Amino acid sequence: MAFINIKNKEVQVKIVYYGTGRGGKTTNLEYINTKYRHRIKTEMVSLKTHGDRTLFFDFLPFDIGQIKGYEVKIQLYTVPGQVKYNATRKLVLKGVDGIVFVADAMKEQRESNIHSLNQLHENLKSYNLDLFKIPFVMQYNKMDLKNSDIPVLPVEILQKDLNSRLRAPAFEASALNGGNVAVTLKKIISLTMASIQKELL
Amino acid sequence: MNYGFVNQDQLENIDKALKKDLIDIGVECVMLIDMAGNTIAKCDNGKCTVDTYAFAALAAGNYATVDAMAKLVGETEFSLLFHKGEKASIHFSKVNNDLLLITMFNRELSLGFLRLKVVELIEKIRNICGQSKNDNT
């Protein structure tokens, strides 16, 4: 849960990018870090393996200004996507306020996306959080591959597989080129802030 | 989520206790964080240049990892962690199920003395957030 510091008039909000391995979670944060570098005071922290895969998490904090007199600090995290790292994924979800699910639109990743979303549902349950109630945005990444030879799932299939029950806001994106990265971020920030706004005095 | 710190007075009392019990004995920086990596309170000697937001995120991850390892070897928890460097060292201590106290200090301060002061401080923090010694360890 967001920590609201009454003394310093500051709110710290935790948003986690979740999804299957090599889906583009870290690339989302890297794009945000590059694009908004002038507004980010500190360096992005990445805990990677030697093979450049996320081992624990990426961390990117930045300020979005004031809401109701409180300085809002957004803290973006990614989880490691590889199947074997579920224990660490669960650790990163502790205290989460909002989630972006980065689905890999490549056809061969169809089952992995579904498995990852189901596992997210289970992992949230261990913290008494409900996937259907937490601020949540769906992102269908790698849509730029439509112009290549690599088969990509149509959005209708992705929506049916992943979002037919959740009915969360969903965006087609290309994290590599920055397509809809900022839109996704703005949406999850606004949903998350709306959910914690009632706690602000 | 405010962990019992419901008003400004409590947070000011925490700040005072961090300064009096740790900064004034030579600790460089002390942070009270939650297990999700949020910074609840921090205090330093004016010379500390650490990025405390990144540090809190990493510290919470580090503690959570060690906690998971403890359970794998049949321990309930490892409530205390200590990383020793050539010049700087870091001491982690669990305040309760939600909070961690992290102390950064140099080699001029002895670990034994620091540990005594940390124990006293943790009791003060628990009292400030309305938690008795027997509630949670």
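Visitor: Where is Arg53(A) found?
Guide: Arg53(A) sits in the loop between strand E3 (45-48) and strand E4 (54-67) of chain A. Helices (H or I, at least four residues) and strands (E, at least two) are DSSP runs, numbered from the N terminus.

Visitor: And what sort of model and numbering is this?
Guide: This is a predicted model, where local features need pLDDT of at least 70 and side-chain atom pairs count only at pLDDT 80 or more, while totals for chains, interfaces and linings use all residues. Residues are numbered from 1 along each chain as its sequence is written, and chains are lettered from A and ligands numbered from 1 in the order in which they are written.

Visitor: Back to Arg53(A). What is it in contact with, leaving aside neighbours within four places in sequence?
Guide: Lys48(A) and Gln82(A). Contact means that the C-beta atoms, placed from the backbone, lie within 7 Å.

Visitor: Why does Arg53(A) count as partly exposed?
Guide: Because Arg53(A) has 14 other C-beta atoms within 10 Å. With 20 or more in that range a residue is buried, with 12 or fewer exposed, and in between partly exposed.

Visitor: New topic. Is strand E5 (residues 99-106) of chain B largely enclosed or open?
Guide: E5(B) is largely enclosed by the rest of the structure, because seven of its eight residues are buried.

Visitor: Which strands pair with E5(B)?
Guide: Strand E1 (residues 29-34) of chain B pairs with E5(B) in the antiparallel sense over six bridges, and Asp34(B) stands opposite Leu99(B). Strand E4 (residues 88-94) of chain B also pairs with E5(B) in the antiparallel sense, over seven bridges. Pairing requires that DSSP finds at least two bridges between the strands.

Visitor: How many residues lie between E4(B) and E5(B) in their hairpin?
Guide: Four.

Visitor: What about helices? How do H1(B) and H3(B) cross?
Guide: The axes of H1(B) and helix H3 (residues 111-128) of chain B come within 10 Å and cross at roughly 170°. That makes H1(B) roughly antiparallel to H3(B). Axes are lines fitted to C-alpha atoms, for helices over the stretch in contact, and angles run from 0 to 180 degrees between N-to-C directions. Under 35 degrees is roughly parallel, over 145 roughly antiparallel, 65 to 115 roughly perpendicular, and the rest oblique.

Visitor: Which residues make that contact?
Guide: Among them are Ile14(B) and Ala17(B) of H1(B), and Leu121(B) and Ile125(B) of H3(B).

Visitor: Last one: how many residues of chain B are in contact with chain A?
Guide: 22, meeting 20 residues of chain A. H2(B) gives the most to that side of chain B, with eight residues.

Key. Two residues are in contact if their C-beta atoms, placed from the backbone, lie within 7 Å.
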